[in-house]
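Subject: Handing over a structure

Dear colleague,

I am passing this structure on to you, and below it you will find what was found in it. Please look through the sequence and the model first, and then read the notes beside them.

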Amino acid sequence: MIIWRRFEHILEFAIERIIWLCGVSAILFVFGIFFFVFREGAGFLFHGFDPIEFFTSPEWYPTSQTNVRYGVLALIAGTVSVTALAMIIAVPFGLGTAIFISEFCSPRLRESLKIIIELLAAIPSVVWGFIGLTVMNPIIIKLFHAPIGLTVLNGGVILALMSVPIIVSIGEDALKAVPDDYREAGIALGATRWQLIYRVLLPAARNGLLAAALLGVGRAVGETMAVLMATGHSVRIPTSILDSVRTLTATIAAELGEAPVHSEHYQVLFIIGILLFSITFIINLTADLIIKGIRNR
Amino acid sequence: MFCPRTRSFTAYCFLPLPTIDSISCCVTVAMLFFFSCARPSNQGTGDHKAVIQNTGSDTMVNLAQAWAEAYAEIEPTVSVEVSGGGSGTGIAALISGTVDIANCSRKIEPQELEKARQNTGKEPVEFIVAYDALAVYVHKDNPLEQLTIEQLADIYGEHGRITRWSQLSVTLPKGGKDKIILVSRQSNSGTYHYFREAVLGRKGDFRLGTLDLHGSKDVVELISRTPGAIGYSGMGYATPNVKMLKIAKRAGDPAYAPTIENTISQQYPIARPLFMYTLGPPTGAVKQYIDWILSPQGQKVVVENGFVPLVLYSEGGQTETSR
């Protein structure tokens with residue numbers, strides 16, 4: 001009996017520790033990954049790395065025989081242009097869907113819509129990329145009389161479709177979090193539905209909606225496979241949405257596999273990794289701080 | 001290992017049941033491991049089945065797989081395991097000594113050679129196993145028939161002057177755009193390196209803004225859907241929706257189509273050897289395998305896969321010497 005009780009106590013203790021470890025592991029992994037990425041890139045970062053060329057030159061010639069150039073300006077321009085276009089499409093569309101689901105839907109339609117939107121999030125990015133390559137490419141060529149369909153537009157639309165589910169689900173949660181008292185008070189004052197949403201709900205859920213949009217941006221910046229296939233993978237600063245571009249993530253994906261380990265090229269790819277890590281970290285941190293802002297009110 | 005609250009270390013150790021469990025568990029695992037290891041060597045004729053590890057060039061991976069399959073039929077005691085990953089990956093595996101044969105679509109670099117010597121103490125041995133002719137593809141509706149190497153350099157080079165089809169006196173049918181869409185490969189592939197060297201010279205670089213695709217097949221696939229595109233890829237990847245251009249060494253010279261005959265006779269200018277590397281002169285099963293690859297049967301597989309054999313074995317059994 002005593003042994004049994006002791007055993008129970010130990011079991012309790014062990015389970016507590018395991019759960020604690022699960023909780024802490026996320027922190028360990030994030031720092032571990034950051035440390036690894038930083039370590040791989042550090043050798044070149046501190047010896048011979050030219051940050052001015054890195055950020056201001058659009059010339060990306062990592063394997064040139066005579067004149068190696070590591071300029072990522074065009075790659076940053078690629079990432080920014082595709083992400084910006086994706087957000088121009090996805091934010092109004094996603095927030096509109098969130099408002100519809102939370103305010104206008106019958107409960108049955110709401111449930112089926114939510115399931116379908118979550119399915120959209122479950123499609124692997126390679127499949128999205130493949131759709132961009134085989135379906136969107138000819139459509140864009142035909143519609144816009146463009147010479148090629150693998151463009152900012154193609155990547156932007158694909159990324160928008162991929163970020164909409166995140167924006168919808170977080171945006172809907174934010175709207176749900178607005179107390180019903182607000183709605184009742186608005187209706188009691190004689191507001192129409194539109195006035196209620198525009199004047200009451202949107203200001204009240206502002207922070208949550210902003211966080212939804214920012215998480216969508218984070219998703220779009222970090223996406224690799226779909227943009228690798230849909231944007232044409234071409235190093236240039238785009239002048240219109242019908243230009244092909246290449247993003248930071250796609251560059252890492254395409255070149256890391258065959259860059260000789262610990263060569264300069266390899267280390268520069270990890271420096272791009274550090275850059276991406278910093279960008280997504282800042283975006284997610286901003287989103288988190290904004291969400292926290294809501295809770296504390 | 002103290003519990004922060006009430007439990008003592010002795011209590012922590014005092015665990016009779018699970019200890020027995022874990023011992024029996026260990027024994028079971030050990031036995032399973034022992035039997036699973038012991039079994040294969042008792043099978044079949046009694047001697048060990050030789051495994052040849054073969055890694056490297058993505059250009060060669062289909063060919064290497066075809067060789068392995070054909071060889072399995074005539075030599076069932078040897079199994080060849082093929083994987084891709086790129087020429088660099090294959091050489092890296094050779095340097096670390098984890099592979100028997102490295103496939104490489106370019107010559108081994110001097111630094112790689114040096115590293116292999118240092119790391120393994122053995123000298124990499126090179127075999128030319130086939131030729132690969134890089135074809136220049138355009139869309140099937142493009143009226144262009146031939147180009148010279150200089151024109152290709154002007155189209156693809158960093159300081160080249162040709163960016164529009166009209167500069168080549170080509171008008172694309174059905175309202176195709178005048179702008180030339182340049183299709184290339186990702187900057188680490190052996191195909192990219194070879195094309196750069198053959199067309200732009202040792203010191204040349206590609207123009208920025210090429211579409212750098214990730215596979216030989218993707219290049220052909222994209223060109224077949226894009227009327228204004230031009231690109232390069234192995235001649236084995238041709239489909240009915242693309243056209244292979246004839247290439248001349250310089251203006252005024254006759255242009256040659258990328259065919260097996262023209263590659264072997266060295267008239268087609270963009271062709272390269274494909275290599276296999278071993279650490280030290282091969283012995284045993286590896287030697288037999290490479291000998292077989294170089295034999296008429298092995299070279300027949302080369303032709304079947306759209307590459308160019310070392311020697312053209314004609315129907316009558318006569319041979320035409322290679323370079």
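**Pockets and their linings**

The largest share of the lining of the largest pocket, five residues, comes from α4(B). Please keep in mind throughout that this is a predicted model. The largest pocket has a volume of about 900 Å³, and of the 29 residues that line this pocket, the closest to its centre are A:E258, A:A259, A:P260, A:S263 and B:E112. Sorted by class, the lining of the largest pocket consists of eleven nonpolar, eleven polar and seven charged residues.

The second largest pocket holds about 360 Å³ of space, and of its 15 lining residues, B:R106, B:K107, B:E109, B:E197 and B:R202 are the closest to its centre. Two or more residues of this lining come from each of α7 and β11 (271-279) of chain B, with α7(B) giving the most, four residues. The lining of the second largest pocket has five nonpolar, four polar and six charged residues.

**Cavities**

The structure also holds five cavities of 30 Å³ or more. The largest cavity has a volume of about 120 Å³, and of the 15 residues that line this cavity, the closest to its centre are A:W60, A:R246, B:Y192, B:T210 and B:D212. Its lining is made up of seven nonpolar, four polar and four charged residues.

**Salt bridges**

Over all chains, 25 salt bridges were found in the whole structure. In one of them, the side chains of B:D205 and A:R69 meet at 3.3 Å, N to O, and this pair crosses between chains, from the loop between α7 and β7 (211-213) of chain B, where B:D205 sits, to A:R69 in strand β2 (residues 69-70) of chain A. B:D205 counts as buried because its relative accessible area is 5%, and A:R69 is likewise buried, with a relative accessible area of 8%.

Another salt bridge joins the side chains of A:K114 and A:E172 at 3.2 Å, N to O. This pair links distant parts of the chain, with A:K114 in helix α4 (residues 107-122) of chain A and A:E172 in helix α6 (residues 152-176) of chain A, 58 residues apart. A:K114 counts as partly exposed, at 26% relative accessibility, whereas A:E172 counts as buried at 2%.

A further salt bridge, at 2.7 Å, N to O, is made by the side chains of B:R161 and B:D154; B:R161 is exposed, with a relative accessible area of 61%, while B:D154 counts as buried at 16% relative accessibility. Salt bridges with shared partners also join A:E59, A:R69, B:E158, B:R196 and B:D205 into one network.

**Two buried residues**

A:D243 is found in the loop between α10 (225-230) and α11 (248-255) of chain A. A:D243 is buried yet has no salt bridge, and the nearest side chain of opposite charge, that of A:R236, is 4.2 Å away. A polar atom of the side chain of A:D243 does, however, lie 2.9 Å from the backbone nitrogen of A:T239.

In chain B, B:H139 belongs to strand β4 (residues 124-139) and is buried, with a relative accessible area of 7%. The side chain of B:H139 reaches the backbone oxygen of B:S224 at 3.2 Å.

With best wishes

Notes: Residues numbered from 1 in each chain as written. Chains lettered and ligands numbered in written order. Predicted model: local features only at pLDDT ≥ 70, side-chain atom pairs only at ≥ 80, totals over all residues. Heavy atoms only, no water. 1 Å grid on protein atoms, 1.4 Å probe; cavity = no way out; pocket = protein on both sides within 12 Å on 5 of 7 lines; lining within 4 Å. Points joined across faces, edges and corners; volume = space filled by probe spheres on them. Nonpolar A, V, L, I, M, F, W, Y, C, P; charged D, E, K, R; others polar. Buried < 20%, exposed > 50% of the residue type's maximum accessible area, 1.4 Å probe, protein only. Lys, Arg positive; Asp, Glu negative; His and termini not counted. Salt bridge = Lys/Arg side-chain N within 4 Å of Asp/Glu carboxyl O. Polar contact = N/O pair within 3.5 Å; in protein donor to acceptor, adjacent residues only side chain to side chain.
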